[in-house]
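Dear colleague,

Please find below the structure I wished to pass on to you. My notes on its sheet and helices follow it.

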Amino acid sequence: MAAKTGIVVSAHSADFVWRAGGAIALHAAMGYHVRVVCLSYGERGESAKLWREQGMTEDRVKSSRRKEAQMAAEILGCEAVFLDCGDYPLTAGREVVFTLVDHFRELQPTFVLSHSLEDPYNFDHPLASHIAQEARIVAQAHGHKPGEKVLGAPPVYLFEPHQPEQCKWRPEVFLDIGSVWEKKRAAFECMSAQEHLWEYYTRVALQRGNQAARNTGRKVTYGEAYQRVFPDLVEQLG
Ligand SMILES: [Zn+2]
């Protein structure tokens with residue numbers, strides 16, 4: 001395992017690409033081992049284009065979405081794991097939380113990425129975030145599988161939902177993803193089931209890049225934004 005690691009908990013198999021592809025590629029390029037845990041393939045709710053094909057079945061949608069996500073993960077330089085919990089609605093009981101806890105303990109991630117805490121358009125997203133945070137906390141508990149190395153307190157960053165205002169999400173941390181933008185765009189393009197989102201998320205990256213530049217005085221073209229869950233400890237204020 002690499003010295004530094006990160007974990008991304010994605011409700012559906014493409015969410016990590018639109019919302020965190022830049023962060024993943026950036027950290028992978030810095031030598032981090034990043035693992036994306038996809039709770040579902042988004043087979044029912046986020047694969048409309050595939051369902052318009054004649055004779056489509058849920059299994060075929062799943063295998064197609066899995067292939068796309070694997071290709072995207074390869075481009076971004078991360079590992080992808082699929083838990084196949086089902087989507088619309090995502091269903092995840094204790095077993096799924098415990099599986100995620102095992103990932104947290106094995107990886108000992110230095111950061112955690114997941115969805116916004118609210119999303120009135122998509123209840124799978126906040127549920128995925130809830131499960132990720134619950135697993136993080138169980139992984140910190142000495143009474144869970146005593147003797148294993150418990151997790152420290154990696155920061156949790158919430159990636160950008162599709163309609164931030166309704167999700168009560170706001171940008172608090174910007175990442176300059178200019179150096180890996182081509183990889184993120186190439187990973188987008190693996191998602192042929194959601195071609196309608198390619199240009200949309202290119203505009204989001206440009207918008208966040210512009211805001212990152214305005215808030216810091218630095219030159220940024222493509223950005224990704226995150227909301228923090230917990231306060232940070234810094235050595236100095238400026
Ligand atoms: Zn999703």
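This is a predicted model: local features need pLDDT of at least 70, side-chain atom pairs count only at pLDDT 80 or more; totals for chains, interfaces and linings use all residues.

The pairing of β1 may be described first. With strand β2 (residues 33-38), β1 pairs in the parallel sense over 6 bridges. Thr 5 has His 33 of β2 as its bridge partner, and Ser 10 stands opposite Cys 38 in β2. Strand β4 (residues 111-114) also runs parallel to β1, joined to it by 3 bridges; here Leu 113 is the bridge partner of Val 8. Together with helix α1 (residues 15-29), β1 and β2 make a right-handed β-α-β unit.

As to the sheet, it is open and mixed in its pairing, with 7 strands in the order β3-β2-β1-β4-β5-β7-β6. β3 (79-82) and β6 (173-176) are the edge strands, each pairing on one side only. Helix α1 packs on this sheet, where it touches β1, β2, β4, β5 (156-159), β6 and β7 (223-228), and its direction makes about 175 degrees with that of β1. Helix α3 lies across β2 and β3, at about 155 degrees to β3.

Finally, helix α6 (residues 181-188) has as its buried residues Trp 181, Lys 183, Lys 184, Ala 187 and Phe 188. Down the axis of α6 these fall within an arc of 160 degrees, so they line one face of the helix. Their cover includes α1, α3 (58-76) and α7 (198-216).

With kind regards

Note on methods:
Residues are numbered from 1 along each chain as its sequence is written. Two strands pair if DSSP finds at least two bridges between them. Helices (H or I, at least four residues) and strands (E, at least two) are DSSP runs, numbered from the N terminus. A crossover is right-handed if, with the strands pointing away from the viewer, the path from the first strand over the helix to the second runs clockwise. A residue is buried if 20 or more other C-beta atoms lie within 10 Å of its own, exposed if 12 or fewer, and partly exposed in between; C-beta atoms are placed from the backbone. The arc is that of the directions from the helix axis to the C-beta atoms. Two residues are in contact if their C-beta atoms, placed from the backbone, lie within 7 Å. Axes are lines fitted to C-alpha atoms, for helices over the stretch in contact, and angles run from 0 to 180 degrees between N-to-C directions.
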